[in-house]
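Have the sequence and the coordinates open side by side as you read.

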Amino acid sequence: MVLTLLLMLVSSVMVQLTLIFVHRDLTSDKPFILFMHLVLLGPLIRCLESVVMFYRQGREEEPYVTITRKKHLHSDCEIEIEQEVGHLVRRLVTHRNAFKRMAVIQAFLGSTPQLTLQLYVTMVEAEVPPSRAVLMSMCLLSVTYGALVCNTLAIQIKYDDYKIHLHPLAFICIILWRSLEISTRITILVLFGTVFKYYGLAVGAANFLVFFFLPWVEFWRSGAKLPENVEKNFSRVGTLTVLICITVLYGGINVFCWSAVQLRLSRRDLIVRSQNWGCLALFYVFRGLENSLLLLVWYFFKTDLYEYLCTPMLVLQLLVGYCLAIVFMLSFMQYLHPCRRLFTHNVVDFLHCVCCRKEGIAVSVDLEPPCEPGVRHSVV
């Protein structure tokens, strides 16, 4: 019960801090809204505020508008389109972006650890009370939605200059990819934890600490200074607090799945915008080896709790599920990614480079796309 409440409290506090930062409430005179965030009711007041704005949209004349420019990808070119955006629309977009970040935080800092904990308790007690079943169902829905939003948000952040359109088949592929990846990871951690409780906690904590400190180690090695454009009215302490919160979320996501972005604290936009196939391959190879090792240890040291289960079949199902997650991920990157034309190399190029380096170099030379001003190409 204590861990359940603690996980709920941590994710709720992170959500309040995110909403305050996105809406810049610390630099505005809004004591009531700050009080609502203090009592952990910030999402409720933000939801009501967005509903009122949506109702007012189009009923009042906008005093001024902003010109935004977005690039649209077509079959053979890029077209930049200008659009007038009113003040209410901009505020609604801010609310939408805040809610997306809130969904990701709730999913990976609240629902995913909560689901892991409740599944562990269920396996140990060998029973599922109705209240726990409801909680696990809600966590599962939150994790699925949060993983979907995490992917779409990562694409929008990395390709901020482009108008992103995802095909319905891409949403299905992302859901299958993330659901299989996260569910197999949670199941493997729970199985290992039922045999080695404290070692299971150590594995989760070690994963979190590695991905939490990795961006800071890279930042320290680069010798760069703290970015000054996180928020113009923030002090160095405020900027450091925001960066710590971002790396906490980054570590929490990578414990269970690939975060879809690579943090780089020395950059102005805090992320690496190019598609890094090396880091992606390295993550999934090491995560696959880790999952296989944990399953192997569990299989040889399992207790009588699993005497009614066909454990070899369970191990095979988990490994196949993880491999299917990788297949769906590669399929999305190769065929369904909305900005795949911007990739310098696609999945096939990377596999050619790994399997046959010399042949891959020859193919890339022969199929080099024409260089045209204002147009980006990639061999797909």
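Glu 181 and Arg 178 are both buried, where buried stands for under 20% relative accessible area, exposed for over 50% and partly exposed for what lies in between (1.4 Å probe, protein chains only). The two form a salt bridge, with the closest N and O atoms 3.1 Å apart. For the record, a salt bridge here is a side-chain nitrogen of Lys or Arg within 4 Å of a carboxyl oxygen of Asp or Glu. Because Glu 181 and Arg 178 sit 3 residues apart in helix H6, about one helical turn separates them. Helices (H or I, at least four residues) and strands (E, at least two) are DSSP runs, numbered from the N terminus.

A quick word on ground rules: this is a predicted model, so local features need pLDDT of at least 70 and side-chain atom pairs count only at pLDDT 80 or more, while totals for chains, interfaces and linings use all residues. Residues are numbered from 1 along each chain as its sequence is written, and side-chain values use heavy atoms, leaving out hydrogens and water.

How many salt bridges does the structure hold? There are 7, and the table lists some of them.

| Pair | N to O distance |
|---|---|
| Arg 91 and Glu 49 | 3.1 Å |
| Glu 181 and Arg 178 | 3.1 Å |
| Glu 218 and Arg 264 | 3.5 Å |

Take the pair Glu 218 and Arg 264, whose side chains meet in a salt bridge. It links distant parts of the chain, 46 residues apart: Glu 218 is in helix H7, and Arg 264 is in the loop between helix H8 (236-256) and helix H9 (277-301). Glu 218 is partly exposed at 27% relative accessibility, and Arg 264 is partly exposed too, at 23%. Elsewhere, salt bridges with shared partners join Arg 46, Glu 49 and Arg 91 into one network.

Glu 49 is buried, with 18% relative accessible area, whereas Arg 91 is partly exposed at 28%.

Back to H6 and its partner. The axes of helix H6 (residues 168-195) and helix H7 (residues 197-222) come within 5 Å and cross at roughly 140°; axes are lines fitted to C-alpha atoms, for helices over the stretch in contact, and angles run from 0 to 180 degrees between N-to-C directions. H6 and H7 are therefore oblique to each other, since angles under 35 degrees count as roughly parallel, over 145 as roughly antiparallel, 65 to 115 as roughly perpendicular and the rest as oblique. Among the residues that meet are Leu 189 and Phe 192 in H6 and Tyr 199 and Val 203 in H7, with contact meaning heavy atoms within 4.5 Å.

Zooming out, the protein has 12 helices and 2 strands. Buried residues make up 41% of its 380 residues. Of the contacts with a separation of 6 or more, 73% are between residues 24 or more positions apart.
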